[in-house]
Amino acid sequence: MKRLHSISDLTRWRNELAARPRPDAVVRVCSTGCRALGALEVCGALEEEIARRGLGDRVRVVRAGCHGLCAGAVAVVVDPQGVFYQGVKASDVPDIVEQTLLAGKTIDRLCWSSDGQAVPQQQDVPFYKHQTRRVLRHCGVVDPQSIEDSVAHGAYAAAAAVLGSRQPEDVIAEVTRSGLRGRGGAGFPTGKKWHLARQATGDPKYIICNADEGDPGAFMDRALLEGDPHLVIEGMIIGAFAIEARHGVIYVRAEYPIAVEHTKLAIAQAREAGLLGGNILGTGVNFDIETRIGAGAFVCGEETALIASVEGRRGMPRPRPPFPAVAGLHGKPTNINNVETWANVPRVIEMGAEAYASVGTDGSKGTKIFALAGKVTSTGLVEVPMGATLRRIVFDIGGGIPAGRKFKAAQMGGPSGGCVPAQYLDLPIDYDSVKAVGAIMGSGGLIVMDEATCMVDIARFFTDFCQKESCGKCSPCRIGTRRMLEILNRITDGNGEPEDIDRLQRLGEMIRETSLCGLGQTAPNPVLSTLRWFRDEYEAHIHDRRCPAGACRKLLTYRIDAQKCKGCTVCAANCPAGAIVGERKRPHAIVLEKCVRCGACSAVCRFDAVVCE
Amino acid sequence: MTQSSLAAAGPSDAEIASALDRLAVSPASNLIAVLQEVQEKFGYLPAPALKEIGRRTRIPLSRVYGVLSFYAQFYTEPRGRHTVRCCRGTACHVRGAGRVLDAVERELGIGEGETTPDLVFYLETVACLGTCFLAPVMMIDNGYFGNLAPESISAILGSYRSKAT
């Protein structure tokens, strides 16, 4: 790798990289998220087969980042045709090489299909057709372990333009005009945040990238750091220039080993190329980044707790003010943004504030990445303009609910968020509209729930999460979430009392008003929002001792329909509690006192004879 | 082998000293980073190592313990050879993670945060593995197992048990 001493060095390097002979074909395999289903084996098989056939000079295999359509893991894109293959296994590799790479034919069985018709082109697959992939543009395209590949695709051009010919105030003004708001949850205007940190007195100043993506159900920051880490670093360089910070920290959770590896590698490469460190590109700007690995505490996503953790202490929040912009890391002015926010910054500079703000709603500009999961067909990462509707995301892009079930709600914003019910499917989603219906945009986790999901159980689930993750510093959060959990446990166990609904409401409002930090203030949201939209489900649990969704186990009864049972004994053999009795070829029965309601019998019965009520 | 006999076979003072020398542990070190490195080295945080870390960083042992007990990923006792991590994230939850965890607990005869008596498995739950598209998911060491059903647990754990013996 060469060391760059000036901005023209960078331009020259990019031109050299672009002028390299291009291979006839490029096979891009998602080697990050899809690793869970054997992506590395697919890469290995491809490289072996290509070498065996002597195609090494003509075909390049890229171990790329996430393609987004995680339901199609292992996902592979073949260029220049732009063919999208899903569910690829190592055993499919000979066919891909033989038919697609050599004969130019697509393989229908690996394509996404619509009504039995194969859709070979990635751009025609509905999951991609309705997206606006700005921030994710190069995720799944570049090799995240190669700075050359990123630079060839334009990385660091925006940073170079800023360092070479802009004033810090002018950069902040541009970011302010773009309308970019923090993508981590609260949606604070990024330009304003930078302005406060720039104005604050203190030396040195710090910037932090919050990659402690702890909301269950959110994985966009993971994908960005794994698939396009140089984009995040570039955003931080621009921010450091604007704020005049000399030190940066990326705080990433230890649960994301690939993100940690790619981030560290990208920082080392950028430093070697002269894009980080002293006198960046000969402009006199000094800025370097170090990584800190989280040690497993959800509350560290809160900025003051995160700072305590970076300093090597217990990750407990403290009251604000003073805000980190005034007194942050080591007591110095500190600006914290999350991964997706930093990744938006180079796009603001490349496009210019006006073009950037050309999509979105009045109060929320640009695009937002959602992590689509739960009861939806095409799970994955989706980037859409602010103001897209839930219907567009869940149905047009996500392909709707599997097994012909009905959409009930979307849980947005993780443990701090709430449920958006079906009547708001056509609500344009932005920071303000989501808040108005009792949820929050949060980091963009979007869990789809169908009629078999119990909303009381979901509220109990999130309360359990917040109670476990409460740091214990303030009593409303420490004790309040525990009391709420006790009430919810009682309700889902069938022992709820009629007064419990009011108790939850009062307790929830008290915790929201009086907790110290964001974790506690938002912890009651899942309960309050389900009480608002699904109060009837609470009432059914309490008054009728019944779970309408059939999800709360203690409220279920399993029995065997003697008419349907053939006496095959499979259920008895699979019952972990030995609760099923009966002779071979005679109808069996469940001993209710022994039944642990695990559902194993129902899952193995071939005659549909197990009834669950 | 019991837990205590294994603990007795922990690293010697000399091994601890040499590990801390290599990390150049000093009052300028970041405590969390040091604890992470030491745990990486020994598989857990042995009590004599904590004392030595406190001495070298000039951080009182009480504060060292306060920090390590705050974070989920530090542990002061050796754990099973294989770590089973059941995801309790939202996507996993709505797709039946509770039943999967029940099946794992039944199969191993231990609860969350416990090690099997033969020291083969340690079981923990994690908030989210970020692999929601595979829900419900568990990890055993660095391997992912997705789209799980309670019925599939026995065979998966069995394959690790046979590897262990």
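**Domains, chain contact and a helix pair**

In this predicted model, the centres of domain 2 of chain A and domain 4 of chain A, taken over C-alpha atoms, are 34 Å apart. Chain A also touches chain B, with 42 residues of chain A in contact with 34 residues of chain B. Within chain B, helix H2 packs with helix H4.

**Domains of chain A**

- The domain assignment of chain A lists domain 1 (19-122), domain 2 (155-356), domain 3 (367-450), domain 4 (455-543) and domain 5 (557-612).
- Domain 2 of chain A places nine residues in contact with eight residues of domain 4 of chain A.
- On the domain 2 side of this contact, seven residues are nonpolar, one is polar and one is charged.

- The side of chain A that touches chain B takes at least two residues from each of strand E12 (367-374), strand E16 (445-450), helix H17 (455-469) and helix H24 (600-604) of chain A.
- That side of chain A is made up of 23 nonpolar, 14 polar and five charged residues.

**Helices H2 and H4 of chain B**

- Two packed helices are described by the angle between their axes and the distance between the axes.
- For helix H2 (residues 13-22) and helix H4 (residues 47-57) of chain B, the angle is about 40° and the axes are 10 Å apart.
- H2(B) is therefore oblique to H4(B).
- The crossing of H2(B) past H4(B) is right-handed.
- H2(B) contributes B:Asp13, B:Ile16, B:Ala17 and B:Leu20, which meet B:Pro48, B:Ala49, B:Glu52, B:Ile53 and B:Arg56 of H4(B).
- The residues of this contact between H2(B) and H4(B) comprise six nonpolar, no polar and three charged.

Definitions and conventions
Residues are numbered from 1 along each chain as its sequence is written. Chains are lettered from A and ligands numbered from 1 in the order in which they are written. This is a predicted model: local features need pLDDT of at least 70, side-chain atom pairs count only at pLDDT 80 or more; totals for chains, interfaces and linings use all residues. Domain bounds come from an automatic or database domain assignment. Two residues are in contact if their C-beta atoms, placed from the backbone, lie within 7 Å. Ala, Val, Leu, Ile, Met, Phe, Trp, Tyr, Cys and Pro count as nonpolar, Asp, Glu, Lys and Arg as charged, and the others, Gly among them, as polar. Helices (H or I, at least four residues) and strands (E, at least two) are DSSP runs, numbered from the N terminus. Axes are lines fitted to C-alpha atoms, for helices over the stretch in contact, and angles run from 0 to 180 degrees between N-to-C directions. Angles under 35 degrees count as roughly parallel, over 145 as roughly antiparallel, 65 to 115 as roughly perpendicular and the rest as oblique. A crossing is left-handed if the near helix is turned anticlockwise from the far one by less than a right angle, and right-handed if clockwise.
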